[in-house]
Amino acid sequence: MTVTSPETNIIQFRAAERLLDARDPRGAVTLLDGVIADHPEHTAARLLRARAYFLEARLRSAEEEFGWVLEREPDNAFAHFALARTLQRASRSEEARRHFRLAAALDPRPDFVEAAGFASFEPPEPGTPSEELGN
């Protein structure tokens with residue numbers, strides 16, 4: 001096993017980002033495989049590889065990588081959203097709905113809120129009594 005320098009891993013990670021932007025997910029995965037081999041707990045590299053798998057239509061691999069990220073960062077709204085898109089693409093809409101809702105609850109961006117099926121989402125004001133929240 002050849003271990004690369006940290007600088008090389010950074011260069012490979014950045015190059016993988018560029019390849020993904022250029023719609024070359026296969027090339028991105030190849031570079032990221034090396035980064036992850038050297039740094040298996042590198043969450044950003046795992047998230048980027050999951051996106052590349054999604055673009056390659058390797059849905060099972062994408063699901064596994066997004067799941068790995070969410071095990072370590074359960075409050076990662078983007079990972080929930082991307083996992084939901086992956087599940088939706090795999091015709092697993094019911095499972096996707098949960099992750100769309102989690103993404104919107106964690107980060108009420110308009111695209112997350114729309115995908116979750118909420119008309120709109122305004123977080124409650126701090127100190128709002130729970131009976132006003134419908135609990």
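Accessible areas here come from the Shrake-Rupley method with a 1.4 Å probe, and for residues only the protein chains shown count as cover. By that method, the accessible surface of this protein comes to about 8,200 Å², with 51% of it belonging to carbon and sulfur atoms.

A word on the source: this is a predicted model, in which local features need pLDDT of at least 70, side-chain atom pairs count only at pLDDT 80 or more, and totals for chains, interfaces and linings use all residues. Residues are numbered from 1 along each chain as its sequence is written, and side-chain values use heavy atoms, leaving out hydrogens and water.

The protein has 7 helices and 0 strands (DSSP runs numbered from the N terminus: H or I of at least four residues for helices, E of at least two for strands). Of its 135 residues, 36% are buried, meaning under 20% relative accessible area with a 1.4 Å probe, protein chains only.

| α3 | 43-55 | Leu47, Arg51 and Phe54 |
| α5 | 77-89 | Phe78, Ala79, Arg85, Thr86 and Arg89 |

The two helices pack at an angle of about 20°, their axes 11 Å apart; axes are lines fitted to C-alpha atoms over the stretch in contact, with angles from 0 to 180 degrees between N-to-C directions. That makes α3 roughly parallel to α5, a term for angles under 35 degrees. Contact means heavy atoms within 4.5 Å, and the residues of this contact divide into 4 nonpolar, 1 polar and 3 charged (Ala, Val, Leu, Ile, Met, Phe, Trp, Tyr, Cys and Pro count as nonpolar, Asp, Glu, Lys and Arg as charged, the others as polar).

How values were computed
Buried < 20%, exposed > 50% of the residue type's maximum accessible area, 1.4 Å probe, protein only. Parallel < 35°, antiparallel > 145°, perpendicular 65-115°, else oblique.
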